[in-house]
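Notebook open, model loaded. I want to go through the chain contacts and one ligand site, and jot down what I find.

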Amino acid sequence: MSLLEIENLTVEFPTRRALFTAVKNAHLSVEPGEIHGLVGESGAGKSTIGAAVMGLLDRPGRIAGGIIRYKGEEISGLDTGAMRALRGKKISMIFQDPLTSLNPLFTVRQQLVETIVEHLDVTMDEANARARALIDRVGIPDAKARLDQYPHQFSGGMRQRVVIALALCSEPDVIIADEPTTALDVSIQAQILELIKELARERQVGVILITHDMGVIADTTDKVTVMYMGEVVESGTTEQVLGQPSHPYTKSLIAAVPRPNVKLDRFPLISYGGRVMEFAIEDLKRNWPVVQTDRSRSLIQADAITKRFVQTRAILPRNRKMFTAVDRATFDIKEGEVFGLVGESGSGKSTIARMIAGLYNVDGGEVSFDGKPVSNQPGGVPDWYRKQIQMIFQDPYSSLNPRMRVDEIIAEPARHHGLLTGAALKNRVAELLDRVGLGAAAGLKYPHEFSGGQRQRISIARALATQPRFLICDEPTSALDVSIQAQILNILKDLQEHLGLTMLFISHDLPVVRQMCDRVGVLKNGELVEVGETESLFANPQHPYTQQLLSLMPRLDVLSDEGLSVA
Amino acid sequence: MLSFILKRIAQSLLVLLVVGLVAFAMFRFVGDPVDTMLGQERTVEDIERLREVLGLNKPFFLQYWDFLVRAVQGDFGISYRQGRPVAEIILERLPATLELALVSGVIALSLGIVLGIFTAIRRDGFWANFIMSASLIGVSLPTFLIGVLLIYAFGVGLDIRIPFTDVTFNTGGMPIFGRGDTREVFGWVGGWNSGLATWDGLQSIVLPAITLGLYQMTLIMRLVRAEMLEVLRADYIRFARARGLSTRAINFRHALKNTMVPVITVTGLQLGAIIAFAIITETVFQWPGVGLLFINAIQFVDIPVMAAYLMLISVMFVGINLIVDLLYVAIDPRLRVDGKTT
Amino acid sequence: MSDTPETPTPAVPAARATSRLYRAWDSDVGYAFRHSPVALISAGVTLVLILAAVFAPWIAPHDPFNPATLNLMNGLTPPGTPSPFTGDSFVMGTDDQGRDVFSTILYGLRISLFVGFAAVSFALVLGVTLGLIAGYVGGWTETIIMRIADIQLTFPSILVALLISGIAKGVTPIEYRDEMALLVLIFAIGLSDWVQFARVVRGATLVERNKEYVQAARLIGRSSFVIMARHILPNVLSPVLVIATISLALAIIAEATLSFLGVGAPPTEPSLGTLIRIGQTFLFSGKWWILVFPAATLLILALAVNLLGDWLRDAINPRLR
Amino acid sequence: ETFRWSATTDPQTMDPHAVSSAPVLGFLNNVYEGLVRRGRDMSIEAALAESWEPLPDGAGWRFNLREGVTFHDGAAFNADDVLFSYERASSEDSDVSSWFATVSGVEVVDDYTVDILTTSPQPIFPDSIANWMMMDSDWAAANDAERPARDSENYATRHVNGTAAFMLQSRQPDLETVLVPFDGWWGEVEHNVTEAIFTPIQNSATAVAALLAGDIDLIDPVPVQDADRVNAADGVHVLSGIEARVIMLGYGHDHETLLNGEPNIFSDVRVRQAVAHAINVPAILQTIMGGNAEAASQLVSPAMRGFSEANAARPVYDQDIARSLIAEAGAEGATFNLSCPNDRYLNDEAVCQAVVAMLAQVGLNAQLETMPVSNYWPELRADNFDMYLLGWSPGTFDAEHPLRFLVHTNNERLGTWNFGGYSNPRIDELLPLIQSEIDPDARQAMLDEAAAIVQRDAVYNTMYVQPLLWGVADGIELTQRPDNFFILRWVQVGVE
Ligand SMILES: Nc1ncnc2c1ncn2[C@@H]1O[C@H](COP(=O)(O)OP(=O)(O)OP(=O)(O)O)[C@@H](O)[C@H]1O
Ligand SMILES: Nc1ncnc2c1ncn2[C@@H]1O[C@H](COP(=O)(O)OP(=O)(O)OP(=O)(O)O)[C@@H](O)[C@H]1O
Ligand SMILES: [Mg+2]
Ligand SMILES: [Mg+2]
């Protein structure tokens with residue numbers, strides 16, 4: 001008897017304009033101790049399956065057909081009370097979005113302890129101890145101090161780990177982990193995956209691991225199910241699916257995985273289902289100002305920039321404990337260059353991005369653009385600077401205004417800068433939506449109607465709408481499946497190569513960094529430990545931390561090479 | 001935080017100055033006290049003389065200045081109507097109003113929150129809709145009318161016959177006016193006479209407290225519901241469900257706390273309004289609080305009472321709003337000063 | 001390469017599709033409206049009341065605002081029964097002046113609706129604007145706005161009204177007094193009401209302004225004004241709507257209270273609120289109709305507006321639709 | 001027997017000389033006494049003075065004091081107290097000093113005889129001092145209350161030491177005042193009250209409810225509208241009477257123009273007469289007053305001394321006469337202001353609205369402006385009116401009173417309520433004569449003449465005498481006087 005069985009599951013979202021079927025007749029089963037990978041295009045319905053199992057489909061979504069069984073008993077029709085007895089206790093789910101999954105008004109400790117107390121018969125002290133152990137276990141340093149902080153004080157990756165810790169509170173039988181490691185750096189990712197494997201091995205926990213990181217699939221899972229547009233297209237053991245993919249979509253997916261060992265000119269793409277996966281650079285050129293770049297000139301200059309956050313509040317300044325998130329980081333980005341920023345989660349990458357974008361004041365040092373200072377200006381961030389930069393935020397959930405329609409969101413920057421109006425703007429929005437693979441009709445929806453990856457693509461579309469000269473990408477593809485990722489990255493690369501776009505590129509995905517960036521900076525605990533040309537850095541890392549980082553890159557030997565030859 | 005409070009206190013002093021100034025500009029339009037102070041047989045001389053004595057001939061900013069100079073020394077003048085020191089009268093009346101405000105505030109807040117949550121959770125249920133609609137009666141009828149209706153229903157009483165029997169009973173019996181027996185509970189200017197300490201006093205407070213709290217209850221209920229509906233859709237609530245937390249913990253802990261910012265804002269304001277302007281309720285129930293005092297002062301153009309009262313209200317609102325602002329920070333850690341943005 | 005299924009674009013002629021009215025009709029809110037019976041009914045009721053008020057002179061059987069047509073001997077005639085003195089009969093009876101209650105409700109609605117809606121809108125616009133600015137801009141601006149709010153809170157609307165009407169009387173020539181009267185009322189009620197909106201909006205804005213979508217908008221370089229109006233406002237609107245809809249009935253009643261102080265409409269032109277105030281004095285004398293009909297009208301109005309507000313609040317929130 | 005009663009306002013002071021308002025004087029009549037007092041029928045009767053007679057040549061009056069009277073604290077009452085009370089009541093700080101405007105001095109003849117000397121003959125002087133209450137000089141001195149405290153407080157503000165049938169037991173201003181019988185009272189006890197509790201209840205609806213619920217034995221007033229309801233209820237009834245207050249319309253006689261700049265139509269007597277004919281007083285009484293009031297033909301009601309029988313007829317209600325008078329005066333369609341208080345007299349606002357309607361029917365376009373009384377008097381004094389509503393209750397219960405205040409040409413001391421500035425030399429001539437005429441017939445003749453002038457000139461349009469409506473629990477026997485004073489010593493509780 002399988003631990004969890006999904007048969008013929010169909011999930012529908014009746015919306016005003018159409019009935020949208022997010023999942024069609026999906027099959028899936030998980031045995032005790034098995035790690036079952038679920039991959040697929042972003043928006044394929046992976047998270048929806050998870051939500052359906054938990055009985056937490058977003059309104060107006062509903063299970064239109066099929067059966068879900070837990071240990072042989074049907075749970076798809078259970079009432080809330082009965083369902084609640086299962087949730088968290090027997091079946092846990094790690095939601096895809098770590099930022100909004102945590103209640104902003106409670107400390108991490110409060111949230112952990114209440115969950116522990118809810119499920120386990122323990123005293124307060126034991127619960128506290130367990131909370132601390134869990135936080136330790138998911139690799140958050142300085143657990144004691146961190147426990148009493150609020151979610152907004154954590155970096156993206158740390159929040160994700162908190163969410164994982166929360167799911168593990170109650171020793172569940174089944175864990176549905178929805179992209180548990182997207183925001184994590186390789187070392188932490190390895191640690192988390194090890195933890196999951198350990199749970200499966202020792203406690204016979206069944207895991208559904210939703211991810212688009214083929215490296216993770218290859219390393220961790222026993223079986224894999226591939227989804228495409230709501231349907232299961234392929235299922236089998238990991239070796240089988242990755243090694244000899246049978247379905248064309250799976251093939252294209254595997255081909256699109258960036259390999260750490262080779263640097264290709266472009267990300268390999270495979271067209272599937274008659275869709276144009278590539279688009280001509282002429283399309284972009286049409287309305288993108290071509291900037292003549294001079295690689296020897298630096299465009300962005302970060303001069304010993306520092307950011308401190310208050311950690312312990314006190315009336316008297318001397319009692320206040322400050323936390324230095326970024327410590328005197330100095331680097332520059334040349335015109336037309338892609339500058340990569342890597343480092344473990346919480347090392348201050350997003351903070352640097354925000355300081356450069358002018359969203360945070362710097363507590364020391366200075367940021368200048370084109371030789372002119374832009375940080376801590378008396379009148380705020382200068383307008384001319386704002387016109388030239390854009391940013392893709394790490395968290396696609398909270399960076400979109402929930403009350404605005406997607407087409408308005410994308411059109412806003414361009415309209416604001418007076419670049420386009422009326423029909424031209426409409427066309428641009430439609431085109432961008434198309435480019436990022438959502439289709440123009442998506443413009444009529446609201447952000448909450450999209451999957452994580454889809455939202456990220458909306459973010460990207462918005463950033464590109466103004467045709468910025470400088471683009472800050474904070475984990476731009478963390479939530480994207482490899483095929484969409486390849487497509488997006490190709491666009492960015494084209495923009496850089498042909499149109500002179502300069503980028504700050506933050507990512508955990510070292511293979512991607514290797515493909516994308518010209519130079520890379522390595523950040524550790526807020527300090528920039530090494531900056532160098534990508535190739536030389538990857539080939540010959542100097543700093544011990546860099547060496548350690550690179551050694552943890554996943555090996556993708558199992559993957560079929562079929563796609564590569566096509567590219 | 002301490003510096004924040006100190007800064008606010010400094011600002012409040014400024015607020016008080018302006019309140020006084022506006023108040024004195026207003027008093028010219030409230031009427032002329034001499035008419036009500038002098039009898040029918042007054043002569044023009046009498047009027048002039050009294051105006052002179054009261055300093056009403058002076059330009060208003062001079063009157064204001066005089067008031068300030070005395071107020072700084074803790075002297076708010078003598079009531080025109082009662083001839084007693086204003087500070088004394090107000091302090092004597094304050095316990096009644098504070099107790100009424102407390103009870104109706106508690107009723108409004110507890111019922112408002114519970115019903116708000118209920119109507120949000122059962123968004124489309126019959127009872128939720130019923131409560132939502134019925135609560136509107138409380139806000140669409142004048143307070144006066146509600147008070148009088150309550151008095152007649154539960155004070156005078158209606159004879160109601162239990163169906164199919166000859167037994168009739170009267171719904172009345174509740175005290176109609178005043179505070180009932182009071183007992184001095186602790187030292188205050190002239191003793192804090194509490195009605196909450198006696199059975200009679202407790203009975204007396206029921207009807208006025210309901211009358212006064214009805215509007216606030218409806219407002220709080222509707223606000224909680226509106227905010228809850230929004231919050232219940234949030235991802236962290238979904239995740240809290242996924243963690244298997246009990247419904248109670250989700251609704252009352254996680255969701256409720258996230259609805260609190262607008263709710264405490266309004267609660268603070270309404271609490272202030274209850275204390276400050278319980279005029280109508282206090283008049284209907286002849287409740288001897290500051291509201292009644294104030295309406296009498298307006299009728300009688302008792303300028304010293306009005307001025308001191310407005311100062312008191314001002315201090316109170318400033319205090320309440322300070323607390324509300326502090327509560328914001330206590331509730332929502334994101335509002336704490338760190339992570340400052342440009 | 002869309003992964004959302006093709007959605008059929010509504011087949012509408014191009015000309016219609018572009019018309020503003022059609023767009024509103026076809027918008028998400030418009031759609032939600034058409035499919036909500038509650039919204040339709042309450043909008044219908046509100047509309048009927050507004051139309052009844054606007055067309056009162058044509059609908060009402062009598063002109064209660066024309067004193068020459070009143071007959072005191074018709075006073076206090078019960079509904080539907082002829083007056084013992086004059087033999088006249090009135091659907092909803094008459095008040096103590098012999099005014100036809102039904103006609104007076106219609107005429108009174110004009111004043112009440114106008115004053116109510118205008119005062120609440122005034123308070124709303126003022127309060128929301130100041131609240132947004134205070135919450136978003138912060139610093140000195142916030143301090144000044146919020147301290148002005150504190151000052152405002154100190155003064156009950158009675159005093160505010162007296163002050164404003166006093167000033168208005170001083171500056172307007174007598175022949176414009178009547179026109180000014182209603183404006184004074186609106187101004188006075190609005191002025192005593194804006195603080196609620198301001199404080200609530202400020203509180204919500206403080207939370208909202210740190211969210212990433214606001215930062216995204218800032219990054220674009222959107223002006224503070226646009227960020228407040230387009231981004232933050234929709235996200236803080238729900239408590240505003242609650243307070244606004246509840247305030248309507250309150251404003252209508254407040255109008256009556258202030259009229260009693262000699263501010264606003266003269267007693268010979270009673271508003272709905274004034275009619276209720278008059279009716280209250282007859283509550284226990286058996287002349288129920290003077291109170292019950294106007295109060296029921298106000299109740300229905302309040303109910304309809306609040307239900308409409310509830311619905312609208314849900315409808316503009318994409319997650320609740 | 002405990003007796004509880006309520007009125008809309010609390011007497012603001014217990015000092016008998018500090019405030020001359022009806023609530024204060026009415027209440028204090030139960031604890032203080034004057035030389036004379038009014039009986040159940042308003043007639044003057046002996047109180048602390050056993051008898052009095054005019055001094056020769058109208059030089060004043062001699063009062064022979066009652067012996068053996070003691071104050072509540074046991075001190076004896078004698079002529080020194082009268083002298084002291086005179087000095088106190090006529091002092092600068094007193095609000096009742098106008099009663100002594102014509103008094104030149106008080107002489108103590110012996111312990112129980114005093115002479116009150118007047119500057120001119122004062123035929124009705126004893127009537128005018130019925131509310132002049134006697135205070136113990138030693139008590140006042142001992143408690144530092146030798147002068148009334150008007151804008152501050154002194155011992156007498158909250159304490160009482162009178163000679164009357166009741167003593168003050170406790171007082172909480174605006175809340176509750178408790179009286180108990182005074183055992184040492186000189187008079188014959190007619191009541192059976194052992195404790196009397198007064199509670200102000202501002203809101204008349206609440207008061208009615210309290211009466212119906214049996215919490216209160218007497219309320220004053222019952223709203224006109226609720227009279228039927230109270231009468232219909234078990235255990236309570238309405239006691240109605242006629243108050244001394246006459247309600248009338250006044251005009252801006254001496255205004256150059258109306259407020260809107262048009263010529264002042266009210267300086268034309270025909271317009272004023274037209275108004276008198278246009279007002280349907282019986283209809284007002286029937287509907288707005290619920291049949292409880294009486295029409296008024298002159299400035300005082302028939303119950304008052306000096307009422308002019310010869311002028312007892314009101315102008316008839318006749319719209320045609322009114323219209324033709326208006327036409328004659330060329331005032332058709334004139335628009336003017338009518339000012340009105342809305343919290344001063346019974347249903348004042350409703351009456352004014354009815355007036356507006358009635359005037360509209362004869363072609364006069366009155367614009368009604370109503371306001372609370374606190375704003376009303378300043379407006380009138382500032383001449384911000386064309387026509388206004390006024391109620392007048394003669395403090396002396398004599399027809400001379402309104403002439404003095406309402407009709408005499410206004411100056412510093414006289415005609416102080418003559419807001420419209422009516423001026424007639426004959427009236428100004430008559431008033432001092434009336435004031436000093438000892439012979440009743442001659443006096444009445446002059447009053448008749450004055451009344452005729454007022455009526456002929458339509459100086460005021462007197463409409464009706466305000467009704468007095470008390471709600472009383474069954475089993476209570478009491479007396480209602482037109483001055484609306486509630487006299488506790490006539491109360492019998494528990495009468496079957
Ligand atoms: N509340 C909703 N209303 C309407 N459509 C929705 C809603 N939630 C999800 N969808 C749609 O359902 C589809 C599946 O979404 P889901 O979140 O399961 O995708 P996913 O496979 O998890 O993608 P990703 O890898 O990007 O997270 C998407 O196309 C999305 O647009
Ligand atoms: N508002 C804040 N208040 C307090 N501490 C903060 C705040 N924002 C970030 N930090 C802290 O600053 C450090 C750097 O955070 P940052 O978001 O820059 O990390 P990151 O490198 O982007 O990590 P990740 O890859 O996980 O997103 C973290 O330790 C985080 O806890
Ligand atoms: Mg997903
Ligand atoms: Mg980050």
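Predicted model: local features only at pLDDT ≥ 70, side-chain atom pairs only at ≥ 80, totals over all residues.

**B against D**

I started with charge pairs: the rule finds six salt bridges across the interface of chain B and chain D, a salt bridge being a side-chain nitrogen of Lys or Arg within 4 Å of a carboxyl oxygen of Asp or Glu. One I looked up joins the side chains of B:Arg49 and D:Glu92, at 4.0 Å from N to O.

Residues are numbered from 1 along each chain as its sequence is written, chains are lettered from A and ligands numbered from 1 in the order in which they are written, and side-chain values use heavy atoms, with hydrogens and water left out.

Next I checked polar contacts, meaning a pair of N or O atoms within 3.5 Å; within protein, one must be able to donate a hydrogen and the other to accept it, and residues adjacent in sequence count only if both atoms are side-chain atoms. Between chain B and chain D I get 14 residue pairs in polar contact, both at pLDDT 80 or more. For sorting, Ala, Val, Leu, Ile, Met, Phe, Trp, Tyr, Cys and Pro count as nonpolar, Asp, Glu, Lys and Arg as charged, and the others, Gly among them, as polar.

The area buried between them is about 4,000 Å², and carbon and sulfur atoms give 48% of that. Buried area is the accessible area (1.4 Å probe) that two parts lose on being put together, summed over both. B:Gln40, B:Glu41 and B:Phe177 lose the most area in chain B to chain D, together 18% of what that side buries.

**C against B**

Which chains share the most contacts? Chains B and C do, of the five pairs of chains in contact. Here 55 residues of chain C touch 62 residues of chain B, burying about 5,200 Å², 69% of it on carbon and sulfur atoms. I count four salt bridges, including B:Arg222 to C:Asp310 at 3.0 Å, N to O. Seven residue pairs are in polar contact, both at pLDDT 80 or more.

I also checked chain A against chain D: no contact joins them, and their closest C-alpha atoms lie 48 Å apart.

**Ligand 2**

I found 20 residues around ligand 2, the closest being A:Gln153, A:Gly157, A:Gly346, A:Ser350 and A:Thr351; the cut-off is a heavy atom within 4 Å. The shell divides into five nonpolar, 13 polar and two charged residues. An oxygen atom of ligand 2 sits 2.5 Å from a polar backbone atom of A:Gln153, and one is 2.7 Å from an N or O atom in the side chain of A:Arg146. Taken alone, ligand 2 exposes 630 Å², and the protein buries 94% of that (Shrake-Rupley method, 1.4 Å probe).

How values were computed. Contact = heavy atoms within 4.5 Å.
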